[in-house]
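Here is a short briefing to read alongside the model. Take a moment with the view below, and then let's walk through it together.

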Amino acid sequence: MKNGPFNPNREKPVVHVVRGADAYANTIAVLKQFDLSPVSGKRVLLKPNVGRMAPAGSGVNTNPQVVAAAIDAFREAGAEVAVGESPITGVKTMEAFELSGVANVANERNCPLIDMDERSPVITEVPNGRVINSLKVCADVFDFDFVVSIPVMKIHMHTGVTLSVKNMKGCLWRRSKVDLHMLPQLEGTADKSLDIAIGDMATVLLPHFALIDGSIGLEGLGPGAGTPKELNVVVAGGDPFAADAVACKLMGRNAEEIPHLRIGAENGCGIIDLNRITVSPDNWAEFSSEFKASPKNLTIEFPDIEVLDKNSCSACQSTLLLFLQRFGESLADYIPKGERLKVAIGKGHENLPAGTLCIGQCTVKQKEGGIFVPGCPPVGSQIFKTLQQHAEQGNPD
Ligand code: SF4
C-alpha cells in the first residue's frame, strides 16, 4: 500500500475519535482533524454501508447524518462528491438509499447517488491472492480519485465485525459478492476462505480514507438481524486497518482476533497493532462498550431448529434469522413432537436428512428429499407459506 495523502506516516498511522450525541457534528469535528486539501478539484466517492432494506436508526445501515456531514466536508474541501453502493443480493440500491434516509440527505444537497450495479464490472486482477485471482469490481469505483469507506460499526456473524475494510466488499459487482462465501476451505490453515478472500481483496481494493459511523451500531445477530447499539462515536483515519482496529477496541474486540483484519495486516495492507497507532483523544478507549457477539450456533437461540449451513452468504443467513424471529414461535405446529426442524442453507451440501427445509437457490440440488423454498435470497413469508402447504399436503416426507 502506498502512503495515501491522509496517511502520511505509514508506520505510525493517526486515528481520531469524536464522541457526542449529534452524529452530524461528530463527523464534521472528526474530519476537521485531517487536512482534506488533497481532494480539492478531485472526485470523491463516498461508499456508505447501505446494503440492506433498513431505516435510519436501526444500526443496519450507515447513519444518513454521517453521510450528510461527509458530503458537506469533502465539498467544502473542494471535491466533487457522489455517494455509491452495490447492496446485497435481492436489494435494489435506490430503494435501500430511500429507506435508509441517505437519499434524502443526498437529494437535499443535490449530491448524485450512484447505483453501482448498473454498469458492467471491471475485472480486476489480484496478483498475490491466496484464494482469489480476480474480482468483478463496480466500474464507478475507478471513475473517482478517492474512495471514502463509511461503514456502520456492526458485529458480523461470518467475519466477526464489518468495518471500513470489509465494507469495500460492497464495491464488488452484483452477485459476485456471494462468490467470496462459496470458496472451498484452503488446506493447511484454520482460517476461513472468506476471511482470506477479504484479506486478498484489501490488496487491490482499499479505500483512501475510513470514516466509521459508531453513532448507532449493531450487536448480536449482525450484519442484518442484530440489535441496535448506541455508542455515539465517529472514527476516522487514513489507514483503514488502523481505523478498524480502533473501532474494534471501541466495540470490545481485539483486531488481532478478527481474521480478515489480521490477514490483511499480514498482507501489508495496514496496521492493526494499537501500540503503533496514534489515537486521539488520549482517553478514547474510555468510549468503549462491548458489543454482544453473534451466537455461534442458531440452535441455541432456537432450540427446535437445527441449522445446516454450508457456504451460505449473509443474505440467506439474514433471511433465515429474520424468518425465525418473525415466525419462530409458530413453527412448533409444523415440527413433529420430539423432533427438530432441520433447515439447510448454502451451496456446499451433499446429503441432507429427508424432510430438511432447503432454503434458497443454492440448495436446489437437494430439493428432492426435502422441502424446497426458491429465491436468492428467499423471502421469509414464502418460507412459512411453503411449510404450511407442505403440512396441509400431509407431510409426504
Ligand atoms: S441462495 Fe442464499 S446462500 Fe445462495 S447465493 Fe442466494 S442468498 Fe446466498
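This is a predicted model: local features need pLDDT of at least 70, side-chain atom pairs count only at pLDDT 80 or more; totals for chains, interfaces and linings use all residues.

- H10 and H11 pack at an angle of about 60°, and their axes are 9 Å apart.
- Their crossing is right-handed.

**The sheet**
- Four strands form an open sheet in the order S13-S14-S15-S16, and their pairing is parallel.
- Strands S13 (305-309) and S16 (371-373) are at the edges with a single partner strand each, so one side of each has no neighbour in the sheet.
- From one strand to the next, the twist averages 20°.
- S13 is joined to its parallel partner S14 (residues 341-345) by 5 bridges.
- Within this pair, Asp309 sits opposite Ile345 of S14.

**Helices on the sheet**
- H10 (residues 314-327) lies across S13, S14 and S15 (357-359), and runs at about 155° to S14.
- H11 (residues 380-392) lies across S15 and S16, at about 150° to S16.

**Around the ligand**
- Which residues are closest to the ligand? They are Cys313, Cys316, Gly360, Cys362 and Cys376, out of 14 residues that surround the ligand.
- The shell around the ligand is made up of 8 nonpolar residues, 5 polar and 1 charged.

Methods: Residues are numbered from 1 along each chain as its sequence is written. A residue is near a molecule or strand if its C-beta atom, placed from the backbone, lies within 6 Å of it. Ala, Val, Leu, Ile, Met, Phe, Trp, Tyr, Cys and Pro count as nonpolar, Asp, Glu, Lys and Arg as charged, and the others, Gly among them, as polar. Two strands pair if DSSP finds at least two bridges between them. Helices (H or I, at least four residues) and strands (E, at least two) are DSSP runs, numbered from the N terminus. Axes are lines fitted to C-alpha atoms, for helices over the stretch in contact, and angles run from 0 to 180 degrees between N-to-C directions. Two residues are in contact if their C-beta atoms, placed from the backbone, lie within 7 Å. A crossing is left-handed if the near helix is turned anticlockwise from the far one by less than a right angle, and right-handed if clockwise.
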